[in-house]
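Open your viewer and show the cartoon.

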Amino acid sequence: MDLGQSSRKEIEKRREEERLIKVRNELVNYDFHAGPRVMKESFRGLDVDDIDLIRIALIGPAASGKTSFVGTLQRAIGETQSSFEQGTGREGTILLEECYVQKGIRLIDTRGFLEANEEIVDECLEIVSGRIRPGEEISRDYDDNKEGKPGNSAATRTPSLARCAHAVIFVVKANDPCLSDGKYRKIFRAIKGNLRQDGYAPVTVITFLDELKTEEHKEEASDLASAVTGSSSERTYFIANYTHENAKQSNEVDLLALEILDSVLLLAEKFILVRKQREKNEMDREVMAKAGAFSFGESLEQFFTRLKNKYHWTDQGRLEALRKELRRRRITTVRTLRAIWDDINSELPLSIGIKKTLEKEFKRM
Ligand SMILES: Nc1nc2c(ncn2[C@@H]2O[C@H](COP(=O)(O)OP(=O)(O)OP(=O)(O)O)[C@@H](O)[C@H]2O)c(=O)[nH]1
Ligand SMILES: [Mg+2]
């Protein structure tokens with residue numbers, strides 16, 4: 001290595017260290033109420049006092065590295081590691097565990113799935129919605145009794161937004177043969193479809209990065225994982241977890257783990273925003289219905305009618321498809337649509353003209 005190369009490496013190393021210190025500092029001091037990642041004004045008029053913790057659920061096949069990822073994140077942020085891998089050859093996590101990351105953030109570590117069946121979809125939804133509580137066993141008695149359902153007694157409780165997960169991470173192992181044989185594709189699609197309706201936008205974390213030796217292997221793993229979990233490449237991350245065998249501190253690992261946490265926090269906040277807005281709309285509607293009055297403020301329907309007249313939109317089919325999709329996602333106000341526009345617009349049936357017009361109108365607001 002010549003001198004130029006070695007000093008370039010030094011500079012890169014220093015930059016990485018500086019970035020790590022900055023990101024770690026921001027995350028250690030993260031406080032949803034005092035300084036959320038989204039603009040604080042977005043929450044104006046919404047009561048979020050009940051959200052005491054941001055909860056992030058980890059979901060994925062058995063032995064994909066969920067518990068190890070919790071431990072990795074705890075180490076990366078500078079906390080004492082309380083989560084440890086269970087070792088290979090036997091099933092690891094069985095009880096649902098809420099793991100400390102920092103004062104306002106918890107990771108929910110779950111029981112990995114061994115097979116792909118419909119009950120797993122229900123189980124994931126029960127966990128995410130908070131109907132299975134930390135410390136409870138993730139019961140799979142339907143394995144013995146096909147009539148049984150997961151969650152049993154817990155299914156009758158309806159937890160509040162403060163109790164449920166606010167973001168979801170799918171954890172898959174790079175080079176897992178089950179990713180390429182299609183076993184999990186249907187199950188992830190079903191879970192994701194249900195989660196999306198509830199307002200979640202899951203990300204994917206691919207573990208075992210240390211076993212991907214070349215960029216091509218990495219790309220291949222990313223494509224495979226995306227095809228299975230349905231997460232786009234921007235929402236797919238890699239990590240080489242700390243394990244008993246690989247326990248040496250690494251700035252690169254710490255930085256990767258913290259950057260994942262950072263982007264997931266933003267999604268969690270957007271989820272809270274959308275759900276709180278929905279709750280408020282429902283409450284407003286109830287009040288209005290009782291008072292027998294029309295709604296004040298502009299609903300999405302009124303907004304579209306106004307724009308249709310203003311811009312002389314003629315493509316009724318496209319507009320109707322867009323309205324239908326927004327109704328399906330239960331987005332009913334202009335404010336909500338505007339807040340999550342950047343995240344969802346690529347998934348909406350939009351013509352270039354409608355997209356441009358909407359963005360122009362959002363800018364004006
Ligand atoms: N090389 C390598 N090994 C890993 C990585 N992540 C996890 N492991 C190993 O994979 C095995 C399973 O890890 P766990 O963290 O227990 O997996 P899990 O998803 O929590 O498993 P369940 O709780 O059974 O669903 C352990 O032997 C870990 O040491 C990684 O990034 N690289
Ligand atoms: Mg585990």
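Begin with the whole chain. Among contacts between residues at least 6 apart in sequence, 77% join residues at least 24 apart; a contact means C-beta atoms, placed from the backbone, within 7 Å. This is a predicted model: local features need pLDDT of at least 70, side-chain atom pairs count only at pLDDT 80 or more, and totals for chains, interfaces and linings use all residues. Residues are numbered from 1 along each chain as its sequence is written, while chains are lettered from A and ligands numbered from 1 in the order in which they are written.

Color by secondary structure. The protein has eleven helices and six strands. These are DSSP runs, numbered from the N terminus: helices are H or I, at least four residues, and strands are E, at least two.

Select the strands. They form an open sheet in the order β2-β3-β1-β4-β5-β6, with mixed pairing; strands pair if DSSP finds at least two bridges between them. At the edges are β2 (97-102) and β6 (236-238), each pairing on one side only.

Now select β4, residues 167-173. Is this strand buried or exposed? Seven of its seven residues are buried, so β4 is largely enclosed by the rest of the structure. Buried means 20 or more other C-beta atoms within 10 Å of a residue's own, with C-beta atoms placed from the backbone.

Show the β4 side chains. A167, I169, V171 and K173 point one way, and V168, F170 and V172 the other.

β1 (residues 54-59) runs parallel to β4, joined by four bridges. Find I56 opposite A167. On β5 (residues 203-207), five bridges pair it with β4, also parallel. There, V203 is the bridge partner of I169.

Terms used
Contact = placed C-beta atoms within 7 Å. Buried ≥ 20, exposed ≤ 12 C-beta atoms within 10 Å, placed from the backbone.
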